[in-house]
Amino acid sequence: MTPRTYRLLAWLWAATGIALQVLAIIMLSSLPRDLLLQSWQSWQGRAIGAIPGTMLLLSGALIASRLPHNRFGWVLLALGFTFGSLQAFGGALSFYAFDQGWPVEIVAAGNHLNAAAWVLAVALLSFVLLLFPTGNYLSSRWRWIGRVVTAGAALGSASVWVLPGPMQFGPSLENPFGVAVIPLSLVQPLLFVLVVPLFLGVLCGVLSMVLRFRRSGGVERQQIKWVAYGAVVFMAIMVSDFWVELPGLWDVAKESLAFSLLPITIAISILRYRLYDIDVVIRKTLLYTVLTVLLGLVYFGVVIVLQSMFD
């Protein structure tokens, strides 16, 4: 294919993913509030939650259109499509079909599309880590990890359609596609066995990034620094939930911001935009973090002293 064809394919893929997210928001906006049990399931929550998936799609399309022979851009585009689009559309379809009284098979299809998209997204996250930034494995031996993850993703995404019992991601209904010969007592153990290769793939991907960083130099080291910076800030924001949990949609916005940092830093690193500014960014982040902590300690110290004086 010509470079123009690659660009067209990449942006068409991204546009389709964004259209599915918009369609999901439209469907959720017509549903009664009491049907959606959690704030992120509302159309407002879905609109905010669509930001990370959109950023993944745009970053993937930008990389794939400019570097079409680097597999990493296409993997990132696929991650945005599954994590952001398919799971959003499947979840919205499940609730919308249930509210409209459509056949239970359509409700189940939306639910299973949502669940399968999560399985595929975890598998694709492994490939993002394994292939960053060159689009190739660290060595030929690492291909086996990719094959195991692919097999686990195929079995896991297929299993959500055939396992009996209540559906997990949508309205609480029995799975009409469930295979009756599978005992209910084996459903949870089977799910656990099927997801183990996926999470092992993520761990191996992290190990691959560490090994790449130790062996790399120059441009590649700076690229890994950008992604590591995004990952550290992401983890810091997510861990803050243990101490500060914002109400309702504000918590959804905080998590969307955290997830959005990853595709942004990935795009900067791959496209090498101001690549060597990362050292300055890290220094300033550490400086502002220390100052914020010190100001917080001073504030709480003054409050405690004043309370002891007036008690």
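1. Before you start. This is a predicted model, in which local features need pLDDT of at least 70 and side-chain atom pairs count only at pLDDT 80 or more, while totals for chains, interfaces and linings use all residues. Residues are numbered from 1 along each chain as its sequence is written, and side-chain values use heavy atoms, with hydrogens and water left out.

2. The overall layout. The protein has nine helices and zero strands, and its pattern along the sequence reads α-α-α-α-α-α-α-α-α. Helices (H or I, at least four residues) and strands (E, at least two) are DSSP runs, numbered from the N terminus. Of the 311 residues, 42% count as buried; buried means under 20% relative accessible area, exposed over 50%, and partly exposed in between, with a 1.4 Å probe and protein chains only. Among contacts (heavy atoms within 4.5 Å) with a separation of 6 or more, 73% join residues 24 or more positions apart.

3. The largest nonpolar core. A nonpolar core is a set of buried Ala, Val, Leu, Ile, Met, Phe, Trp, Tyr and Cys residues joined through side-chain atoms within 4.5 Å. The largest one here has 30 residues, and those touching the most other members are Phe 72, Leu 76, Leu 79, Val 128, Phe 132 and Ile 266. At least two residues of this core come from each of helix 2 (43-66), helix 3 (71-100), helix 4 (104-131), helix 5 (143-162), helix 6 (187-215), helix 7 (219-239) and helix 8 (249-271). Helix 4 gives the most, with nine residues.

4. One core member up close. Which residues does Ile 266 touch, not counting residues up to four places away in sequence? They are Ile 63, Phe 72, Leu 76, Val 128 and Val 227. Apart from this core lies another, of 21 residues, including Ala 61, Phe 81, Ala 88 and Phe 95.

5. Aromatic pairs. The structure holds nine aromatic pairs. Rings of Phe, Tyr and Trp (its six-membered ring) pair if their centres lie within 6.5 Å; planes under 30 degrees apart count as stacked, over 60 as edge-to-face and the rest as tilted. Tyr 6 and Trp 74 make a tilted pair, because their planes stand at 55 degrees, with the ring centres 6.2 Å apart. Tyr 6 lies in helix 1 (residues 3-29) and Trp 74 in helix 3, so this pair ties together parts 68 residues apart in sequence. Tyr 6 is buried, at 15% relative accessible area, and Trp 74 is buried at 16%.

6. A second pair at Trp 74. Trp 13 and Trp 74 are stacked, at 6.4 Å centre to centre with 25 degrees between the planes. This pair also links distant parts of the chain, with Trp 13 in helix 1 and Trp 74 in helix 3, 61 residues apart. Trp 13 counts as partly exposed, at 28% relative accessibility. Tyr 6, Trp 13, Trp 74 and Phe 81 form one aromatic cluster.

7. Charges over rings. A charge sits over a ring if NZ of Lys or CZ of Arg is within 6 Å of the ring centre and within 35 degrees of the ring normal. Arg 147 lies over the face of Trp 144, at 4.7 Å from the ring centre. Likewise, the charged end of Arg 221 is placed over the ring of Phe 213, 4.2 Å from its centre.

8. Helix 2. Its 24 residues reach 34 Å from first C-alpha to last, close to the 34 Å expected; the expected span is 1.5 Å times one less than the number of residues. Where does helix 2 bend by about 30 degrees? The bend is at Ile 51, and a proline, Pro 52, follows within four residues. Here the bend is the angle between axes fitted to the seven residues ending at a residue and the seven starting there.

9. Beyond its neighbours within four places in sequence, Gly 17 contacts Leu 57, Phe 81 and Ser 85. Its C-alpha is 8.6 Å from that of Gly 53, 36 residues apart along the chain. Ala 158, in helix 5, is partly exposed at 42%.

10. A cis bond. Most peptide bonds are trans. The bond from Phe 132 to Pro 133 is cis, with omega near -5 degrees, and Pro 133 sits in the loop between helix 4 and helix 5.
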